[in-house]
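Please consult the displayed structure alongside each point.

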Amino acid sequence: MIINNIHLAPGRRITLTKKAVFYFLTNNYGHFTAKEIYNNLKKQNNRLSLATIYRILEELYVSKILNQLSYPGLPILYEYQKEQHAHFYCENCNTIYDVNFESQNINTIKNINKHYVKHVNVEYS
C-alpha cells in the first residue's frame, strides 16, 4: 500500500491515524518523540492513544518510511528524511542538528552551530 507514493509492507492498512502521523512528520521539519507526535495529533482526535502512535511509528520505521534516532539520555526520536543528511548530537545540551555531509567532509568538521566537535562517529543504517 502507498502513502503519497511510499510503500507500506504488504497487507498493511492505511488508517486515518496512520495518515495523520505520516502527514505530521512530512509537514513538520525536525526530530520528534512519540509523545510529541501524540500531543500534536491528540488536539484533532481526543480518542487517540499513545500506544497507537508507538505502533504506527514502529510500522513506518520497519517499512523504511521514517528514520529512528537513538542517543544516550534521550527518548527515541523519529523523522521523515526529505533529503539525505547526517546528524550531530551535542552531549552538553542534548540537541540534535542535521548536517549536510555532501557539502562538508564529515571528518574535517570542527564547529557546528557554535558547538565544538571533539569526535566524529559515523553510523550507517
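1. Helices (H or I, at least four residues) and strands (E, at least two) are DSSP runs, numbered from the N terminus.

2. Basis of the note. This is a predicted model, in which local features need pLDDT of at least 70 and side-chain atom pairs count only at pLDDT 80 or more, while totals for chains, interfaces and linings use all residues. Residues are numbered from 1 along each chain as its sequence is written, and side-chain values use heavy atoms, with hydrogens and water left out.

3. Overall architecture. The protein has three helices and eight strands. Read from the N terminus, the order of elements is β-β-α-α-α-β-β-β-β-β-β. Of the 125 residues in the protein, 34% are buried.

4. Strand β5 (residues 86-90) pairs with strand β6 (residues 95-99) in the antiparallel sense, over five bridges; two strands count as paired if DSSP finds at least two bridges between them. Ala 86 stands opposite Val 99 in β6, and Tyr 89 stands opposite Ile 96 in that strand. The two strands form a hairpin with four residues between them, and Asn 94 in the turn has a positive phi of about 55°.

5. The salt bridge. How many salt bridges does a search of the whole structure find? The search finds one, a salt bridge being a side-chain nitrogen of Lys or Arg within 4 Å of a carboxyl oxygen of Asp or Glu. Lys 18 and Glu 59 form this bridge, with their closest N and O atoms 2.9 Å apart. The pair links distant parts of the chain, since Lys 18 belongs to helix α1 (residues 16-27) and Glu 59 to helix α3 (residues 50-62), 41 residues apart. Both Lys 18 and Glu 59 are buried. In general, side chains of opposite charge can pair when their charged atoms come close.

6. Leu 41 is found in helix α2 and is buried, with a relative accessible area of 5%. Leu 41 and Phe 24 are 17 residues apart in sequence, yet their C-alpha atoms are 8.0 Å apart in space. Ser 49 is placed in the loop between α2 (34-42) and α3. Why does Ser 49 count as partly exposed? Its relative accessibility is 29%, which lies between the limits of 20% and 50%. From C-alpha to C-alpha, Ser 49 is 7.5 Å from Tyr 38, with eleven residues separating the two in sequence. The side chain of Ser 49 also makes a polar contact with the side chain of Thr 52 (2.8 Å). A polar contact is a pair of N or O atoms within 3.5 Å; within protein, one must be able to donate a hydrogen and the other to accept it, and residues adjacent in sequence count only if both atoms are side-chain atoms.

7. Residues in other loops. His 31, in the loop between α1 and α2, is buried with a relative accessible area of 17%. A polar contact of 3.3 Å joins the side chain of His 31 to the side chain of Glu 79. Lys 64 is found in the loop between α3 and β3 (67-69) and is exposed, with a relative accessible area of 74%. Phi of Lys 64 is near 65°, a positive value in a residue other than glycine. Tyr 80 lies in the loop between β4 (77-79) and β5 and is partly exposed at 25% relative accessible area. Tyr 80 and Leu 66 are 14 residues apart in sequence and 4.9 Å apart in space, C-alpha to C-alpha.

8. The second largest pocket. About 200 Å³ of space lies in the second largest pocket. Twelve residues line this pocket, and the closest to its centre are Tyr 29, Glu 83, Gln 84, His 85 and Asp 98. The lining divides into two nonpolar, five polar and five charged residues; Ala, Val, Leu, Ile, Met, Phe, Trp, Tyr, Cys and Pro count as nonpolar, Asp, Glu, Lys and Arg as charged, and the others, Gly among them, as polar. On a 1 Å grid over the protein atoms alone, a pocket is an open set of points where a 1.4 Å probe fits, with protein on both sides within 12 Å along at least five of seven lines; lining residues have an atom within 4 Å of a point. Grid points are joined across faces, edges and corners, and the volume is the space filled by probe spheres set on the points.

How values were computed. Buried < 20%, exposed > 50% of the residue type's maximum accessible area, 1.4 Å probe, protein only.
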